Amino acid sequence: MTPWPVADAALTAAETVTIAVQVNGKLRGTIDVAPGTDNASMEKEALALDTVARALAGKTPRKVIVVPNRIVNIVA
């Protein structure tokens, strides 16, 4: 009889996390980042999306709320 295999937690960890990007509370896209990515990098990637740029229509964001590993919400 062979022993039951032992799970390796490092192999089950996610390599990327999908982050929702909202503009004024409406979903405008998603970005894929590594877990633990800093807020400034997520904000930069979110603002670089074409759908976000179209939703902002040239306006500057008043506030950008970043919840790590969850969501980026842009208030125009």
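Biologist: How much accessible surface does the protein have, and what share of it belongs to carbon and sulfur atoms?
Modeller: Keeping in mind that this is a predicted model, the accessible surface of the protein comes to about 5,600 Å², and 56% of that belongs to carbon and sulfur atoms.

Biologist: And how many of the residues are buried, as a percentage?
Modeller: Of the 76 residues in the protein, 22% are buried.

Biologist: What about the overall dimensions, say along the principal axes?
Modeller: The C-alpha trace spans about 65 × 20 × 15 Å along those axes. The radius of gyration is 17 Å, whereas a compact globule of 76 residues would have one near 11 Å.

Biologist: OK, switching to secondary structure: how many helices and strands are there?
Modeller: There are 3 helices and 4 strands, and if you read along the sequence they follow the pattern α-β-β-α-α-β-β.

Biologist: In what order do the strands sit in the sheet?
Modeller: The 4 strands make an open sheet in the order β2-β1-β4-β3, with mixed pairing. The strands β2 and β3 (63–67) stand at the edges with a single partner strand each, so one side of each has no neighbour in the sheet. From one strand to the next, the twist averages 20 degrees.

Biologist: Which helix packs on that sheet, and which strands does it touch?
Modeller: That is α2, which touches β1, β2, β3 and β4, and whose direction makes about 125 degrees with that of β2.

Biologist: Why is β1 described as largely enclosed by the rest of the structure?
Modeller: The reasoning is a simple count: 5 of the 7 residues of β1 are buried, so the strand is largely enclosed by the rest of the structure.

Biologist: Then which residues have the most contacts inside the largest nonpolar core?
Modeller: That core has 13 residues, and those with the most contacts inside it are Ile19, Val21, Met42, Val52, Val72 and Ile74. At least two core residues come from each of β1 (17–23), β2 (26–33), α2 (39–47), α3 (50–56) and β4 (71–75), and β1 gives the most, with 4 residues. As general background, nonpolar side chains tend to be buried together in soluble globular proteins.

Biologist: Let's follow Val21 then; what does it touch?
Modeller: Leaving out residues up to four places away in sequence, Val21 touches Lys26, Leu27, Arg28, Gly29, Thr30, Ile31, Ala46, Leu49, Val52, Val72 and Ile74.

Biologist: Which residues is Asn73 in contact with, apart from its sequence neighbours?
Modeller: Setting aside neighbours within four places in sequence, Asn73 is in contact with Gln22, Asn24, Gly25, Lys63, Val64 and Ile65.

Notes
Residues are numbered from 1 along each chain as its sequence is written. This is a predicted model: local features need pLDDT of at least 70, side-chain atom pairs count only at pLDDT 80 or more; totals for chains, interfaces and linings use all residues. Side-chain values use heavy atoms; hydrogens and water are left out. A nonpolar core is a set of buried Ala, Val, Leu, Ile, Met, Phe, Trp, Tyr and Cys residues joined through side-chain atoms within 4.5 Å. Buried means under 20% relative accessible area, exposed over 50%, partly exposed in between (1.4 Å probe, protein chains only). Contact means heavy atoms within 4.5 Å. Two strands pair if DSSP finds at least two bridges between them. Axes are lines fitted to C-alpha atoms, for helices over the stretch in contact, and angles run from 0 to 180 degrees between N-to-C directions. The radius of gyration is taken over C-alpha atoms; the globule rule is 2.2 Å times the number of residues to the power 0.38. Accessible areas come from the Shrake-Rupley method with a 1.4 Å probe; for residues, only the protein chains shown count as cover.
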